[in-house]
Amino acid sequence: MAQIQSVFERYEKKYLLDWAQYQALYPLLCDKMQPDDYGKHTICNLYYDTDQFTLIRASIEKPIYKEKLRLRSYGIPQADSTVFLELKKKFRGVVYKRRVPLTLEEAGRYLAIGQRPFPNQILSEIDWFRSRYPVAAKAFIAYDRVALFGRENPSLRVTFDTGIRWRGDSLDLNKGDWGAPILDRGTTLMEVKLPGAMPLWMCRLFDSLALYPTSFSKYGVCYQNHLQKVMTGGMICA
């Protein structure tokens with residue numbers, strides 16, 4: 001069984017592509033990269049925040065430092081399926097992600113009553129985070145992903161997310177991956193995950209197709225377009 005990576009440090013750049021841009025780019029990337037073993041797969045996330053949405057409101061202001069907590073699964077999990085509780089931070093453009101694998105049942109007990117299934121440094125860090133922010137699940141976001149990694153440098157990754165969708169109720173990963181769309185049909189979110197500087201060949205390729213990075217947060221867009229209504233007394237419905 002492959003070892004599960006728990007700590008990540010990298011740069012991330014995001015691009016919004018229409019269908020024609022995706023069709024033009026993907027085969028050219030495959031000259032230098034290859035698909036991972038998972039093929040197209042669905043990622044499900046629960047995002048945690050305070051009742052005042054303190055974390056995402058601060059993140060939207062684009063501070064030097066920001067952080068968030070989410071629970072992630074690959075596909076729809078059962079009680080004994082492995083999920084990942086992730087503490088993600090960004091400081092001066094560098095993304096730091098620390099995650100711990102748990103069963104869905106263990107994650108539920110930990111998040112509800114703080115019961116740890118085993119000693120773990122990352123859970124200690126999450127304990128500290130939760131002592132500062134009284135968080136609860138606020139949004140479910142899922143999407144269908146295809147991922148590539150570099151043939152010469154496997155740490156170089158490019159992911160393509162389509163069908164990005166959300167819901168504000170049934171906030172449990174085992175309730176299905178349904179939700180209302182966040183992006184227009186045909187739009188793909190591309191994320192480039194870099195251990196350092198972007199390779200020259202990739203810079204030239206993106207320039208040739210007039211692809212430019214943008215600021216985009218799935219949870220941020222979900223908050224601004226939907227969840228913000230909570231702050232003004234509106235209703236949440238997916």
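This is a predicted model: local features need pLDDT of at least 70, side-chain atom pairs count only at pLDDT 80 or more; totals for chains, interfaces and linings use all residues.
Residues are numbered from 1 along each chain as its sequence is written. Local features need pLDDT of at least 70, side-chain atom pairs count only at pLDDT 80 or more, and totals for chains, interfaces and linings use all residues; side-chain values use heavy atoms, without hydrogens and water.

Helix 1 spans residues 19–29, and its buried residues are Tyr22, Leu25 and Leu29. Buried means under 20% relative accessible area, exposed over 50%, and partly exposed in between (1.4 Å probe, protein chains only). Helices (H or I, at least four residues) and strands (E, at least two) are DSSP runs, numbered from the N terminus. The face turned away from the buried side of helix 1 carries the exposed residues Trp19 and Ala20. The buried residues of helix 1 pack against several elements, including strand 1 (7–17) and helix 5 (200–208). Contact here means heavy atoms within 4.5 Å.

The structure holds 9 aromatic pairs. Rings of Phe, Tyr and Trp (its six-membered ring) pair if their centres lie within 6.5 Å; planes under 30 degrees apart count as stacked, over 60 as edge-to-face and the rest as tilted. Tyr15 and Phe206 form an edge-to-face pair, 5.1 Å centre to centre with 70° between the planes. Tyr15 lies in strand 1 and Phe206 in helix 5, so the pair ties together parts that are 191 residues apart in sequence. Tyr22 and Tyr26 form a tilted pair, at 5.7 Å and 45°. Both lie in helix 1, 4 residues apart, about one turn of the helix. Trp19, Tyr22, Tyr26 and Phe160 form one aromatic cluster.
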